[in-house]
Amino acid sequence: QVQLVESGGGLVQAGGSLRLSCAASGSTFSSAAMGWFRQAPGKEREFVATIRWSAGITSYEDSVKGRFTLSRDNAKNTVYLQMNSLKPEDTAVYYCAAKLVVVGFFRGRFQYEYDYWGQGTQVTVSS
C-alpha cells in the first residue's frame, strides 16, 4: 500500500526557510511523478511544484519560482521541498502527492493527475 508521509512544517518568520519532506513507501517510484500542493484557510487547494522522479525535471507555480526548490533522494524514496524567502501568503497546509507511473506527457499541475496523497503538514509564516 502506497503511503506518503510529509514532515518539516512549522512556524517561521517572513523571510525564513523551511524544508518539507515527503517520504514515499509501498511501491517503486522510479517512474513516478511527485507533486506538492497547498491549501490555505478558506481557499481551494492549489499547485505548488512537481518533479519527475527519474529525470528530476521540475515545474513550479509562478509565485514560488526562485524561492522553492524540489529535489529527491532515490535511496530514501523521499522528495524535498526547500522553501526560502517565505512570505505570509505561503501559509497553508502542504500536501504531497504521487502519480506512480507516468508515461509520456504529464503536466502535473492538477489534483486529478495524482493517485495518492499524504496527510499534509502545516506551514505558518508570520509577518
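Rings of Phe, Tyr and Trp, the last taken by its six-membered ring, are counted as a pair if their centres lie within 6.5 Å, and a pair is called edge-to-face where the planes are over 60 degrees apart. In this predicted model, the structure holds seven aromatic pairs.

**Aromatic pairs and cluster**
- The ring centres of Phe106 and Tyr114 are 5.6 Å apart with the planes at 85°, so this pair is edge-to-face, and both residues are buried.
- Tyr114 also pairs with Trp117, at 6.1 Å between ring centres and with planes at 65°, so this pair too is edge-to-face.
- Tyr114 has a relative accessible area of 6% and is therefore buried, whereas Trp117, with 28%, is partly exposed.
- One aromatic cluster is formed by Phe37, Phe47, Phe106, Tyr114 and Trp117.

**Charges over rings**
- The charged end of Arg45 is placed over the ring of Trp117, 5.1 Å from the ring's centre.
- Arg19 lies over the face of Tyr80, at 4.1 Å from the ring centre.

**Surroundings of Ala23**
- Ala23 belongs to strand β3, which spans residues 18–25, and counts as partly exposed because its relative accessibility is 35%.
- Leaving aside residues up to four places away in sequence, Ala23 touches Gln3, Leu4, Val5, Asn77 and Thr78.
- Although Ala23 and Tyr80 are 57 residues apart in sequence, their C-alpha atoms are 8.8 Å apart in space.

**Largest pocket**
- The largest pocket holds about 160 Å³ of space, and its lining consists of 13 residues, with Arg38, Lys43, Glu46, Glu89 and Asp90 nearest its centre.
- By class, the lining comprises eight charged, three polar and two nonpolar residues.

Definitions and conventions
Residues numbered from 1 in each chain as written. Predicted model: local features only at pLDDT ≥ 70, side-chain atom pairs only at ≥ 80, totals over all residues. Heavy atoms only, no water. Helix = DSSP H or I, 4+ residues; strand = E, 2+ residues; numbered from the N terminus. Buried < 20%, exposed > 50% of the residue type's maximum accessible area, 1.4 Å probe, protein only. Contact = heavy atoms within 4.5 Å. 1 Å grid on protein atoms, 1.4 Å probe; cavity = no way out; pocket = protein on both sides within 12 Å on 5 of 7 lines; lining within 4 Å. Points joined across faces, edges and corners; volume = space filled by probe spheres on them. Nonpolar A, V, L, I, M, F, W, Y, C, P; charged D, E, K, R; others polar. Phe/Tyr/Trp six-rings, centres within 6.5 Å; stacked < 30°, edge-to-face > 60°. Lys NZ or Arg CZ within 6 Å of the ring centre and 35° of its normal.
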